[in-house]
Amino acid sequence: MTTASTAPATAPDASFSDIPKDDKRITRGWTFYDWANSVYPLVITSSIFPIYWGAMVKEITKTDSGKSPVEFLGFQVPGSSLLTYAISAAFLFIAIISPFLTSLADFSGRKKLFMQIFCYLGAFSCAALFFFTPETLTLSTFVFVLATIGFSGSIVFYNSYLPLISSEEQYDSLSARGFSMGYIGSVLLLVICLGLIMGHDAVGLKESFATRLAFLLTGVWWAGFAQIAFFALPADPGRPAGATAEGGWLLNGFRELGKVWDQLKHLPNLKRFLLAYFTYNMGVQTVMYVATIFGDEELKLESSALILTILLLQLVGILGAYLFSKLSERIGNTRALSWSVFIWMLICVAGYYVQAGWSFYALASVIGLTMGAIQSLSRSTYSKIIPENTPNTAAFFSFFDVTEKLSIVIGTAVFGVIAQVTGSMRNSILSLIVFFVLGLVFLLTLRGKKLRDEPTTGAEAIGPPPATPNVALPTT
């Protein structure tokens, strides 16, 4: 096999190699995008918006259940299932277009531009949820989908900066710091929003108006604090002078995607990790997206108890991200991930039996502890597996992103279907254990192996990077 088809395109992203590693101004600015955009998954997908959605469904159907069918594009769909289907649709769309956009970003040398486009799409759509009323359910569902697309689309470009701005030994700690910044920032805004909602009478507002105002504040916070990251991250170098662009940006974006795909064929460890991530992430992301709906519909928890639980998840998540970062230094990334996945298996079993009260808060604490850990470690582990000094970081992270998005599509869809067919979300929670078992099995295939693949026949053009041991880093 010739090496021509597997050669990475050095021209598109070569100028990014000039970014200094571990520069405090750059890395601090990078973590601020976590601070900025993490308010969306907390306020919109996890806490206030699902509760408001359920209230709108009840008002539309004149019932006391958020599961009651609502009309959407001529179909009668259970309200709670419609929300999970909207999430699935958003992530399916971004999974389809992400590889092409990231390859185009690699070729054009404009990572930051694409990150900004998706950021503003998400933030403005989030702010537009201010107009969500019972009369605008259908339109607001599409706005929610756009906001989710903006959030998930910006993340892939954000993640692709990690191996560019950090030395490899700092991947785990910087990734954990980013997630921790996200947890702190999102909790801060959530507290502000809760104060506004709970004290709506004191400021002369209706509760529904105060809730919708929280959506507007979330969009403003996201776009506003993102400016810190955009200011700190290096400017887009653009396509290097002299680089040819026959066929235009779009065609060359496809070419870059093809080159990265050819490299993947010769990186067995990377494929094994993506398969493991795909399966266990189905369970993780589904639990995160449906936890509030589960507490509302199955456990009949008060809104205040649900919000308290979400706050607990965020605070414990900070601790979990750092604890598992330290654990990975001692026992290796895949072993630390394996322990995290095993704990998630136990969470599924406990979720089937959990009741309102102390058991629910105990389970939420465990979820929070492993939630931040598994997300942070997954991102840093992938950074250690992709070819060192690759010029196509955005394209490589697009495969990571597509894997994540497809897992969310399948996980939330399966959850919604099982809940709709059986009439109980508990059955859906229990079924997620299958995803974690498969993920653990695939992770175990990486035990004892070096994370970064050695060059293989047909992949010499990738370059002979030094292997990254899948063992603990030496401690002093």
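Is L432 buried or exposed? Select L432 to begin: with a relative accessible area of 0%, L432 is buried, a word used for residues under 20% relative accessible area, calculated with a 1.4 Å probe on protein chains only. The model on screen is a predicted one, in which local features need pLDDT of at least 70, side-chain atom pairs count only at pLDDT 80 or more, and totals for chains, interfaces and linings use all residues. Residues are numbered from 1 along each chain as its sequence is written, and side-chain values use heavy atoms, with hydrogens and water left out.

Stay with L432, which is found in the loop between α17 (425-431) and α18 (433-444); helices here are DSSP runs of H or I with at least four residues, numbered from the N terminus. Leaving aside neighbours within four places in sequence, L432 is in contact (heavy atoms within 4.5 Å) with G283, T286, V287 and C348.

Next, select F273, Y280 and Y382, which touch the most other members of the largest nonpolar core, a set of 137 residues. Such a core consists of buried Ala, Val, Leu, Ile, Met, Phe, Trp, Tyr and Cys residues joined through side-chain atoms within 4.5 Å. Helix α12 (residues 268-297) gives the most to this core, with 14 residues. Not counting residues up to four places away in sequence, F273 touches several partners, among them Y280, L337, Y382 and F400.

Now turn to the aromatic rings, of which the whole structure holds 30 pairs. Rings of Phe, Tyr and Trp (its six-membered ring) pair if their centres lie within 6.5 Å, and planes under 30 degrees apart count as stacked, over 60 as edge-to-face and the rest as tilted. Select F49 and W53: their ring centres are 6.1 Å apart and their planes stand at 55 degrees, so the pair is tilted. Both residues belong to helix α4 (residues 48-61), where being four residues apart separates them by about one helical turn, and both F49 and W53 are buried.

Then select W30, Y33, Y120, F124, Y158 and F230, which ring pairs link into a cluster. One of these, Y158, is also touched by T31, whose other contacts beyond four places in sequence are L174, R177, G178 and M181. T31 lies in helix α2 (residues 24-37) and is buried, with a relative accessible area of 2%.

Technical notes:
Helix = DSSP H or I, 4+ residues; strand = E, 2+ residues; numbered from the N terminus. Buried < 20%, exposed > 50% of the residue type's maximum accessible area, 1.4 Å probe, protein only.
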